[in-house]
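Visitor: Could you walk me through this one? I would like to hear about helix packing and aromatic rings.

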Amino acid sequence: MGSYAPSDVTFLLKDLQDAKLEMPTEDKEEAIQSGVHYSEMLPAEYEPSDRYLRLFHETLEQSSALVAQGVAAVAELIVRKRGLRCVLVSLARAGTPVGVLIKRYIERQYGIALPHYSISIIRGKGIDENALLYILQQHGADADLQFVDGWTGKGAIRRTLIEACREFESRYGIRLNDDLAVLADPGYCSETFGTREDYLIPSACLNATVSGLVSRTVLKPGLIGPDDFHGAKYYGHWLDIDQSNRFVERIEQHWDEVAEAASLDADERMRNAASGSEQAERATWRGLADIEKVQSAYGIADMNLVKPGVGETSRVLLRRVPWKVLVDRLDNPHLRHILLLAEERGVPVEEFPGLAYSCCGIIKPMAPKEG
């Protein structure tokens, strides 16, 4: 499955190519807000317009060096914390491009090709334990797994991962490290990150077409049995507009210029952590305070309707029913694609000064249908 080379990543996902899972966005939103779990259906994937693809390429050119710095920084931290015998486990699907980049960086700098898998984790359901067991069967019960994702928002996936690792140890007696390596951690939910700036990671601009042509993951009774991996679809019909490998190749052109600074930075961060220095950047989850401000300002009872950060706001505009977008300032250079998507979908954009995040997407509350 997927459009990456087999040497880049192994997807541990059941192919659901023939399953009818896509729903119109409005219907899907109503179902989610009425209690149907989001993992039981798929959104109709956004096929990027020519105008939007041009913006993606412009953004990639402008931010590729910044993304490369983040990849190098987090990869160097992984090497120092976990060594060169760990197994990279990306959380599908936003984690997959980042995992591919981390794997390629480490191979380039250290000459070691780390194993790399992409598996499913689902908020409210947990991680794919069959996939974890498969990885441990391949690499030993004492294998050191390094989980990888793209970015953090409120930290829901990090909390899901922490709880899933606890449950896994309780069930199988195997302790997994719940550390989550991310490129951007604006929510202050991780301790292994490239930056805490809420900037545009170009892979957040697109869905399947920058993530190996793989859909969001699915866990639906009747389709996923007790011995199956979680499922997904492969959108092979989009091969001609697939940007997955182009994205990776553009970022890795910067390895030589960012490697030395990333190595020195990782050394300093490890020294700070070892000394207990106040400069050591702990997970404080402080982004949650901003969400509470937004909830209070707009009378939003359900925190799940507020999606903070550039990555999560992109998801709201690409696959949910957005109500409005809040931005820290309208001239923020990281928000060009957000403003274009909002314009295409007719979504109002409002300034909300003082956000820790660059922006915040708010999902439209759906009134229950009568009868």
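Guide: What follows takes up a helix pair, then some aromatic rings, then one arginine. This is a predicted model, in which local features need pLDDT of at least 70 and side-chain atom pairs count only at pLDDT 80 or more, while totals for chains, interfaces and linings use all residues. Residues are numbered from 1 along each chain as its sequence is written, and side-chain values use heavy atoms, with hydrogens and water left out.

Visitor: OK, at what angle do H3 and H6 pack?

Guide: Helix H3 (residues 95-110) and helix H6 (residues 244-252) pack at about 40 degrees, with their axes 10 Å apart. Helices here are DSSP runs (H or I, at least four residues) and strands likewise (E, at least two), numbered from the N terminus. Axes are lines fitted to C-alpha atoms, for helices over the stretch in contact, and angles run from 0 to 180 degrees between N-to-C directions.

Visitor: And which residues of H3 and H6 meet?

Guide: Pro97, Val100, Leu101 and Arg104 in H3 meet Asn245, Phe247, Val248, Glu249, Ile251 and Glu252 in H6, where contact means heavy atoms within 4.5 Å.

Visitor: Switching to rings, how many aromatic pairs are there?

Guide: The structure holds eight aromatic pairs. Rings of Phe, Tyr and Trp (its six-membered ring) pair if their centres lie within 6.5 Å, and planes under 30 degrees apart count as stacked, over 60 as edge-to-face and the rest as tilted.

Visitor: Why does the pair of Tyr134 and Phe229 count as edge-to-face?

Guide: The ring centres of Tyr134 and Phe229 are 6.0 Å apart and their planes stand at 85 degrees, so the pair is edge-to-face. Because Tyr134 lies in helix H4 (residues 129-139) and Phe229 in the loop between strand E10 (192-195) and strand E11 (231-232), the pair ties together parts that are 95 residues apart in sequence. Tyr117, Tyr134 and Phe229 form one aromatic cluster.

Visitor: Are Tyr235 and Trp238 stacked, edge-to-face or tilted?

Guide: Tyr235 and Trp238 form a tilted pair, 5.6 Å centre to centre with 45 degrees between the planes. Tyr235 is buried at a relative accessible area of 6%, and Trp238 is buried at 9%; buried means under 20% relative accessible area, exposed over 50%, and partly exposed in between (1.4 Å probe, protein chains only).

Visitor: Last one: is Arg269 buried or exposed?

Guide: Arg269, in helix H7 (residues 255-275), is buried, with a relative accessible area of 15%. Not counting residues up to four places away in sequence, Arg269 touches Leu77, Phe193, Gly194 and Glu281.
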